[in-house]
Amino acid sequence: MHTADRPAPAAVPTQHGQPDTTEAQAEFDARIAAEGRIEPRDWMPEAYRKTLIRQIGQHAHSEIIGMQPEGNWITRAPSLKRKSILMAKVQDEAGHGLYLYSAAETLGIDRDTMTEQLIEGTARYSSIFNYPTPTWADMGAIGWLVDGAAICNQVPLCRASYGPYARAMVRICKEESFHQRQGFEILYELSHGTEAQKAMAQDAVDRWWWPSLMMFGPPDADSPNSAQSMAWKIKRFSNDELRQRFVDMTVPQSEVLGLTLPDPDLKWNEDRGHYDFGEIDWTEFKEVLKGRGPCNHLRIANRKAAHDNGAWVREAASAYAAKQSRRTADAYQEAS
Ligand code: BYC
């Protein structure tokens, strides 16, 4: 069912049975102020619903597109153990996408519509998945940096005001934490291996560091959605706050790995109690968002091909579900 076919969420009924949006808005505002959760059947402002569909949809698409850069290495992982770990991780990402599509569906959009939007290019997915994975060390860098950034961004989302999103994030974050450690461990092994392995690890970190910082979104001053999303308690921290948290967390880890982060301006600032870091290339970020990153076309072409190739599975599943529901209805009729 398409969004337009769905009824709008009901407003709170008044004593006379008529919806009163003023009263409903007041109740919504009070619940947000009291750190309460908004649930699918509750009244919510239309803009809140649209913002959540946009963010949760983008998040779901990121998980599904994010399977590609790593899926690329499943057949080439250097051992059976590495292969099974990588397969489990990529499978987790499919699962994250599914929880998130389900959370978005509670807001009145369906998965087919979201998939169409992704394939047509009207819905976004994270910029980070438009970079290539030419070496095995990229699996380490994605786990350590990309999943590390995802954890910083997503742990606060476990407290997002929309119940189904917040609850989906709890399990996702637990799994991301395992992903981050497996990435760190791959890089640790490489950086303590041969010279060539260490160089491969350093090269991957050099390529993934800046794009990982871009994952947090534009600087606060250029982030049109942040203020409202924070007022609604969907986002709990700003893009720049989370980016700083990630830098502060990652620098000491890079020292343990014995790898260098590719930023000559990275240094501890005693006064701020944080690491200073260099200027991010926002032109590159904007280019990737416009579809001109190194792998944008490939990612969408692969997604479209998978969707087209899966059409028969969806048709068969729908036919089976229709048959089952007819059987249940017949059995009910016979029994009554
Ligand atoms: N890439 O006003 P802003 C993972 C867009 S999956 C692309 O700050 P907002 C993983 C933004 O959508 C990681 N677009 O927006 C999976 C907006 O555009 P529209 C995915 C970006 O929403 C597999 C415009 O720029 N994580 O970890 O307040 C393997 C202005 O931005 C990006 C999530 O999705 C970007 N990086 O804040 C391994 C987390 N940044 O829609 C790992 C949930 C910004 O107005 N999402 N844009 O046209 C969020 O927390 C927020 O949506 C963001 C952006 C912080 C990303």
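What follows covers the ligand and its surroundings, then a helix, then the cysteines.

Keep in mind that this is a predicted model. Arg 54 puts a polar side-chain atom 3.1 Å from an oxygen atom of the ligand, and the side chain of Arg 124 has an N or O atom 3.0 Å from a ligand oxygen. With Met 214 the backbone is involved: one of its N or O atoms sits 3.4 Å from a nitrogen atom of the ligand. On its own the ligand has 1,000 Å² of accessible area, and the protein covers 92% of that.

H7 deserves a look of its own. This helix runs over residues 163–191, 29 residues in total, and reaches 42 Å from its first C-alpha to its last, close to the 42 Å expected. Trace along H7 and you'll come to a bend of about 25° at Val 170.

Finally, the cysteines. How many disulfides does a search of the whole structure find? The count is 0. Take Cys 173: the closest cysteine sulfur belongs to Cys 158, and at 3.9 Å it is too far for a bond, because a disulfide needs the sulfur atoms within 2.5 Å. Cys 173 is buried, at 8% relative accessibility. Cys 295 is buried too, with a relative accessible area of 8%.

How values were computed: Residues numbered from 1 in each chain as written. Predicted model: local features only at pLDDT ≥ 70, side-chain atom pairs only at ≥ 80, totals over all residues. Heavy atoms only, no water. Buried < 20%, exposed > 50% of the residue type's maximum accessible area, 1.4 Å probe, protein only. Helix = DSSP H or I, 4+ residues; strand = E, 2+ residues; numbered from the N terminus. Expected span 1.5 Å × (residues − 1). Bend = angle between axes of the 7 residues up to and from the residue. Polar contact = N/O pair within 3.5 Å; in protein donor to acceptor, adjacent residues only side chain to side chain. Areas by Shrake-Rupley, 256 points an atom, 1.4 Å probe, with all protein chains shown as cover.
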